[in-house]
Structure formats: C-alpha cells, structure tokens
Amino acid sequence: MKKRKKIGMYTALFVFTTCASYMMGVHGNYYNERNGEETVKVLPHVTTAGERLIASMLNYKGIAFDADISIDLANGTNLVFDLDGNGKISDINNIQLLSTYTANISGVEMDGEISYFTDTLTFSISDKCHYYLEEADLLSFLKMIPEYGMSLQLPESLTSLNFEQLASRINEIDEKDRKTTDNGKSYFYKFFLGNGEERLPLYVLTDLQDNFLGLRTDTFMHNGTTFNFKVALNEVNFNRPLVNPLTSATIDSKYLNFKPAFQLFDALMKLSQKRQVGALLNIGVDKITAEEVVEVANVDFDINADYETNKYAINALLKQNNHHHNLTFNYINETLFAEFHQVKVKIHETSVAGLIQYALNQMSEAKLTEAMNQIVSIVGNIDIGAITQNVYSAVEQIVLDAEQLGIDINLSSLGIGATFNVTVKFSENEITEVRFNNINYGEYVSTIILTLRDYKSFTVDASDYVAIEPAATLVQAIMQTLPQKEMRLILDGSVKDHINNINPLTFNGGFQFSLLENLGYGEIDLVDKNDYKHNIKADVVAATNIKFAYNDSLFGKFSSNMLSEMLTLITEVITNPDEHFMELFGDLIIKLQSSPLALGINGNYGELLAYDYISNLTVSHTNLEMDVSLGLIGLHDTFHLSVHYYGDEKQQNAYIHSINISNLFINNKEIELNVKVESFDQALNATRLTEIKSEAITEYLDFSNIKTLLELGIKTSRFNYYHFRATVELHIKTALLGLGNNVLHLPLDIQVLNRKGQVQVAIEFINLPINLLTPNNDYGSARNRRASIYWENNTFYTYRCEEARKKGFLGIPYGDYALYEIYGKYDNATFKENALDIILSDILSLSTLLTNNINTNMLNTDSHQPHYEKLLTTFFFDANTNEFQIGINLNELTGQTIFEAGKVVIKSSKETGILEGLDINVTLTVGLRINIKLSLELLDDYIVDVISTNKKLDRLDAHLIEYGSNELNRRFVKYGGALI
C-alpha cells in the first residue's frame, strides 16, 4: 500500500515538475536581462510554427490546464491522476502553477493540491499532510536512485530528458507538418523525443494560428509499464496574480520540507545493504481499568543477524510480575538451537523440511484440493479495494522532519477500535528506532519499540543440546497411532502410602474402541485401602449413550452430552464462584484460581512460565524420557514420563507402544500409571454390557439429568435465608396395649440463616402430641407441649417444655399446672453420638417401651463398610413435575437391618430451577413397624441480603440469652423453675 502511494506521488511530482521546468527553461530563452534587472517582456522573432507555439504561451495573460495521467505497472498496480489547475508566467523568477488533483491507486482514492513556484514544489494529501520540496532536491534524489540498483522503469527519453533538446524539437516544428484532428476544428503537430526504439511520440494540439492548446502522448509500454499522458491548455484572463502559498508564514504554519523523506529512503536502503544487523525489540502490553493498570506482558528481544555467514540469534526475555523468562533461538550451520529453562534442543533444517513434507504426505490429494479451494474461495470474497481504501482512511496524519517520520493511525474504518502512532527515527542517514506508540484496543494499550544497534557475534556449544531428530519417529508414531480406527488400551497403576505402609488404591483394566462400528467398551478394577474391590464396566453405544455397571449391582446410563454439560457447570462455579461456594469450597477454588494455568488464561503469563515444566529430556528412536513438573496446576511435585514407541531411523511402521508415569508424589503418596496400546480384540465383544444377559440387570438407572440436580442445588444455595414449613408423620403399627395403628402428626418450622459463613439453624416442634406413645413426664397430666433444636457455632441446643401437674395418691395428678422443662447444650461429637436418644426421649418424649425397642434393634455399626453399589435402588427424574425420585438402601448405608424402604423426592420449580420442597419416606421395624414421612416446603420469604435487612432468628437468639451459658454436654430438667 505504501509503496503504491510513493510510486504514484513520485510520478505525479515528476510529470508536474517536468512541465513546470520546461516552461521555466523555454521562458528564460525569451527574456533579456539588463544590469541584473528584468526588462519588459519582448517577444522573439517569430518565423516557424514551433516558434509561434512557444510565443503563444508567453502571450497568454494566464493559463488553465487539465492533465490526465494513467500508468499501469507490471505488478498489476494501476495509477490514474487528474490535475486541474492554472498558472501565470510573469517573468523568469516568477512562474506560478497551482493545481488540485485526484488520484486512484488500485482502488484507493485520494486528493490534494500541487503547486510550482519557480523552483519549489508544494503538495498535500487530503488534509493528512502538507509538504514543500525544492526542485533541485527532487532531481538529486532521482539521480541517486540508480546507486541502489533500482530503476524507475521509465524509457531513456524521459529519464534523461533535456529541456533544451525539447525546446529545440518544438522550434523545429514546420507548418507543413500540421495535421487536422478528426473533428476538423483543431490541429496538431507530431514530433519525437529520444532515438531508436525508445523514441517517445508527442502531439501538440493547436488552433489555426498555432496557439498552444495541449500536449499528449500515445499509449506506450516500457519494461511492462504502460504510460498515457495528456494536457489540455487554454488562455484565461487573470484579474489578480496567483497567491504564492510559500511565504515564510505559511511554510512555518502549514508546510513541512519533504527532503527528509529522501534521507529516510537513503537510510532504509543503507540498512537493506548491511550484511550484519543488530536490534533490540520491546513489546509491552498493559490492561487499563478504572481501578488499576495491570501489566499483561513485557517482552524484550535481542536480535542479531549475519547474512554473510547465515547466522541468526533471537533471545527473548519475558518479564511479568517479577518473573523473568528467557527463550533463545540460534540458527548456525543450518541447525536451529532452542533453549527454555532447563530444556535445550536442536534440529537440522532438513529434518524440519522432512517433517513438513511428511505432514503434507499424510493429506490426500482430495483433501489438499479441498483446502486450496477453500482458501481461493475466502480470498476471492475479499474486497481488496475496500480494504485498501479503509487502510488509507485509517491514516489520520503524517508528520515528517529532519529526525523522524510520524504517522497517526485510527483503525475504526476497519471496524477495529484501535488507535496508535508509528514513529521512525533516523540520524545521519541511519535508521535508529521504529516505535509503535500507544496501541489502544479496548482495555489494552501496547507499545512496540525497535532499536537498531551494532551486530554482536555469538557462538553455541552444540554438545549442550539434545538432538530431537529421533523424535521424528515419535511424531510419526503419534500420527500413525491416532488415526487408527480400532485400538485397545490396557492400563494399571497404584497409589502407595509409604509412611503408613498401605496402598490406598490399586487399579487395572482395559478399554477398547472401534470407530468402524462406532462403539467402545471396557472395565477397570479398583481396590481401596480396605481391600474392597470396585469393578466398573462401561459401554459406549454410538457415542451418545453410555452405560455402566458398578460391581454388577448398580446399572446406570447417561448421555455423552452430560459430560460436557458437567464440565461447563464446574467451569462456571470456578470462574464465577458464589460466596456460599467460597464458604464450602473456598480453599479448593482459590487454589484452582491461583494456579499458573488459571492465571495464564487470565493473562498472567509470568506465573504460567515460572516453572521448569520439563527437565532431563532424552530422546532416541524408541523412547522419550523426561521429568515433568505439575506447576501448571499449582503443585510443586514432578513425575517421570516415559513414552515407548516402535520405529527405526527411517521412521517406518512407527506406533505408540506404551506410556508410563512414575515417581509422582502428592501428599506423601506415590502414584504410578502405565498405559499400553494394543490391537483391538474382537473376542472381547462378548463382555459388552449390551451382550450380558443376567437377571441381576433389572434396569439401567438414567443419570442423564445429574446436571439438572446440581444446578438445582447451586441455584438454591445462593440464598442466605431458608424457611421451611414441615410435617412429620409417624405411622406406628403395634398391638401393644391394644393401641393398633397410631399416627403422630408433628408440625415443624425450620429456619436456616447464613451471615457470611456464620450459620444458624432453628427447628421448632409445634404442638407435640401427648398420648400413651408420647406419655407424660414424671409428673401428672401435661398440656401445651413444644420443643426445639438449635445449632450455632458448632454447638447444639435442645429444649422441650410443657405444662404439668404433680402426681398424688395412685398417680392421680393434683394442684395447679407448672412449667416442666428439659434442655441441654452439646458439642457436635457428643450430639451425633447420642442423637437418637436425645431426639426420641428429650424432644419427642416417646415412651420408654418404644425407645427401648428401637435401641434394642439397633446394631453397632462402628466397623460397617457400605457396599456403595447397593446404596441407590431408584433414580428417576420426572420432567412433567420437575421432581427427582431417589430410592436409598438405608440398611446398606447405616449397617442396620431395621429398614424396609427409603425414598426421597426432590421438588423444584420449572420456571426458576429453585428447590420447592422435599418428601422423605422411611419405613423401619424395631419390634413394631414405623413409617416416617417428612414433608418440607420451602417458603418464598427467603432474603438474599441478610446483612442489610438485619434478619434474625428470634427464638434462637432468645434461647441463647437464657441458656447459652449453660454447662456443655449436660442435660438439665426443671419443674416450676427449680432444677430436679
């Protein structure tokens, strides 16, 4: 783009200067000077037609001209100029020409002004720049160009134009050579400049009196460049002289000298001819917000290039957040040496070429043709003209002086919200610095500085570097292994706790897939520290339906979309954590967020590159060995990675054989993993879940909606206050004392309050029943029974109260009612250990007979090992009601034998995805059969900001005021306000 503009401008200036200089030259021949003073204009003796042509111009009071120039360069660039101007010849020292111009350079349109005053040119490009140029400086520059081995690609008749020769040729024009134009209203003369094949034909347009009316050329070609030029000229009567813009005031305020551009060109040419070059390049990127300026990256490049010996060196220093990282590339003797941290590798350029050729060979001709067609289609749809016009429009201002060139650029015309300034500094015809200042794009600002300096020699000790040519076998092994349509992976490994001399986990298994049949299946055995075996089978059907079996007891299925949905959900929780998740999983989330990988994603590359991720690298034609750091995910551990592959030096029949991870220690536990790559075993098809016919497989539970359940939990957990209206129904079936079936209705009010991690729970038992199943206390008849359980600061508080009368003779109550209270304060461990007794006796006041029955039938479960595959009996999501129905094997969970069934129904809103309520149904037999139904309804009075609303749990606060200071882990009983 810039080259095209420069060629076009130089061409316009050349043509314009040629015309002006010619007029100056011929005009000087017809003026006489006496004693250094100009005389009155005297016309020469006119005898020939040529003399009359020149005399006519000198007779014009003023001239108006219209020039059209068209140039087609060999590289396809097209330049069209249209000049529309006027002028005046007063005397030899006052030739005035002033013209506007429009130009179209391969679709890029521009305009401006050009003027010539005696020996000075001015020109402007739109309002972007205004320059003046002495004629002598332009001609000196044109003479200097061939010194750089460059050519203007103009015919000799123009590049060596002799003005006296031109005037002589015009003078020689004879009237008998006059020809009539096609319309018969004007006339022209034809003559030639130059000699031989490069003669340039010129046509002078006149009237019958040989007044000069115009000049044109034939369209001609030279070295692939086509020229066309014509000028129309006529006389005008100026009532006032042209105003010369080149006063000292206008030069200072408006025009800049264009001569430094030639110095810049000279400096660029000298730089291109240097055989040894040194440079420093700095790239800095900052993110600017209203609060702070954050350094995203700052990179220094130290560059040395020796074109004679074909040696190049680039040393990059990345600086960010007090971290410095060096990355070095050296190219010597057709070998590339690279170094980063502890890794030093080398590769010969023929090996690089071989790898590229190998990669191309892996693509079929059809794929290459398709790729090329796509590229051609993309390029063909690009509007080059619109892009170049927008690029030109992006240039807002050009400033040039003797020391630097400055260009202000605004890329909004390209749809990019970025602005910057380009500055090229030069001194004594040497480029010293190129600077891209304040590249603004959104919140980011960048500066790029290239400083040229002397070349610095460098050397490399090749013995310090690992040759990676053998890794070409690995590359081919990967490229030949990955496209396999069928494959089997065998894996085994372990987790070893050397301190406690146990193995928390060992595993082995295999998985195989067939893309030909669109399936994959396999199984793995995991043995935990208790020697409990977990067998997991998986079967992928058509890549959309995944089935699994856990210890041949739990059978499930889900869609493969669930995996990506879960990953999206987890990513959202990590990147946009709610304060409640920070309370529960804050340490884990903070660790993940502060890992180098997360910091690198957010632009903190200093932390990302702070670790020596690879060390002790060795490569052969069959093995790759190296130590790998886990610093990427924020761990300081390392492991040894071994990759074994088949192959030879000719890289034939290469395949991955195995991958081994060893010496990985995390939290004092050693982890080892081995993966072998084998051929697909068709005989194993019989082990697929879809082929197994077993009575154990009653149904596959559908877990495809796990994401919906997790979203329900996440959305509901974002509140700080929960209020449940609940009811517990106890259906007790017994013939005890002739009671038959009995139903106890226990209304509950449950509130949970969370003040930034300070959680309070209040459970209120309202209007507890009083009958033979829940008898009176040690006193007489009772009434108005209620109870509560509170939790705050890892402490449980229990309370029950009722009104009772004292017992008299034969247990007959008498007297007035008095308040009976039973309450306690317990730490977490004590309450959990005695929870059943406290709830049954102190809260519900179940009869001693019922309590003893329950305790008698309860087993000691301290050594119970649940069989996890037997915990779930059902898992179902009803999309119509938006309910999850989950069946739980409570006997397996608790190690008891008293439970018959357990079922949980989770209700949620279709509109909001928020929890609406829970139904829990449990049946157990403890000498008598009890069915427990718990229904919870989440009320919609939840408050998001409990701090600003000063929300409180009034009953809990009142209880703490009265009983909060009681002795811990002790039960109290009062009657009538006195301890008993």
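Reader: What is the mean pLDDT of the protein, and over which residues is the pLDDT below 50?
Author: Of the residues in this predicted model, 79% reach a pLDDT of 70 or more. The mean pLDDT of the protein is 79. Beyond near neighbours in sequence, one stretch with pLDDT below 50 has 96 contacts in the model, and this stretch is residues 1-43.

Reader: Which element gives the largest share of the lining of the second largest pocket?
Author: The second largest pocket has a volume of about 1200 Å³. The elements that give two or more residues to its lining include β40 (721-734), β41 (740-755), α18 (848-857) and β50 (929-938). The largest share is eight residues, and it comes from α17.

Reader: Which residues are closest to the centre of the second largest pocket?
Author: The lining of this pocket consists of 38 residues. By class, these divide into 28 nonpolar, five polar and five charged. Closest to the centre are A835, L836, I839, L840 and I932.

Reader: How many cavities of 30 Å³ or more are counted, and what is the volume of the largest cavity?
Author: Rolling a probe the size of a water molecule over the atoms shows where empty space is left. The count of cavities of 30 Å³ or more comes to one. The largest cavity has a volume of about 30 Å³.

Reader: Which strand gives the most to the lining of the largest cavity?
Author: The lining is made up of E113, T122, F123, S124, H130 and Y255. In terms of class, it has two nonpolar, three polar and one charged residues. Three residues of the lining come from the strand that gives the most, β7 (residues 120-125).

Reader: Which residue of β36 stands opposite D627?
Author: β34 and β35 form a hairpin with three residues between them, and their antiparallel pairing runs over four bridges. Within that pairing, D627 in β35 is the bridge partner of S615. β35 also pairs with β36 (residues 638-645) in the antiparallel sense, over seven bridges. In β36, the residue opposite D627 is H640.

Reader: How many of the seven residues of β35 are buried?
Author: A residue counts as buried when its relative accessible area is under 20%. By that cut-off β35 is mostly covered. The number of its buried residues is five.

Reader: Which residue in β27 stands opposite K346?
Author: A further open sheet of 12 strands has the order β22-β23-β24-β25-β26-β16-β17-β18-β19-β20-β21-β27, with mixed pairing. Its edge strands, β22 (395-400) and β27 (466-467), each pair on one side only. Strand β21 (residues 343-348) and β27 pair in the parallel sense over two bridges. Opposite K346 stands A467.

Reader: What is the phi of N518, and what is its relative accessible area?
Author: Most residues other than glycine have a negative phi, and most peptide bonds are trans. N518 is not a glycine, yet its phi is positive, at about 60°. This residue lies in the loop between β29 (502-514) and β30 (519-528). N518 is partly exposed, with a relative accessible area of 41%.

Reader: Is N551, which has a positive phi, buried or exposed?
Author: N551 is not a glycine, and its positive phi is about 50°. The residue is found in the loop between β32 (545-550) and β33 (554-559). The cut-off for buried is under 20% relative accessible area. N551 has a relative accessible area of 16%, so it is buried.

Note on methods:
Residues are numbered from 1 along each chain as its sequence is written. This is a predicted model: local features need pLDDT of at least 70, side-chain atom pairs count only at pLDDT 80 or more; totals for chains, interfaces and linings use all residues. Side-chain values use heavy atoms; hydrogens and water are left out. pLDDT is the predictor's confidence in each residue, from 0 to 100. Contact means heavy atoms within 4.5 Å. On a 1 Å grid over the protein atoms alone, a cavity is a set of points where a 1.4 Å probe fits but cannot get out, and a pocket is an open set with protein on both sides within 12 Å along at least five of seven lines; lining residues have an atom within 4 Å of a point. Grid points are joined across faces, edges and corners, and a volume is the space filled by probe spheres set on the points. Ala, Val, Leu, Ile, Met, Phe, Trp, Tyr, Cys and Pro count as nonpolar, Asp, Glu, Lys and Arg as charged, and the others, Gly among them, as polar. Two strands pair if DSSP finds at least two bridges between them. Buried means under 20% relative accessible area, exposed over 50%, partly exposed in between (1.4 Å probe, protein chains only).
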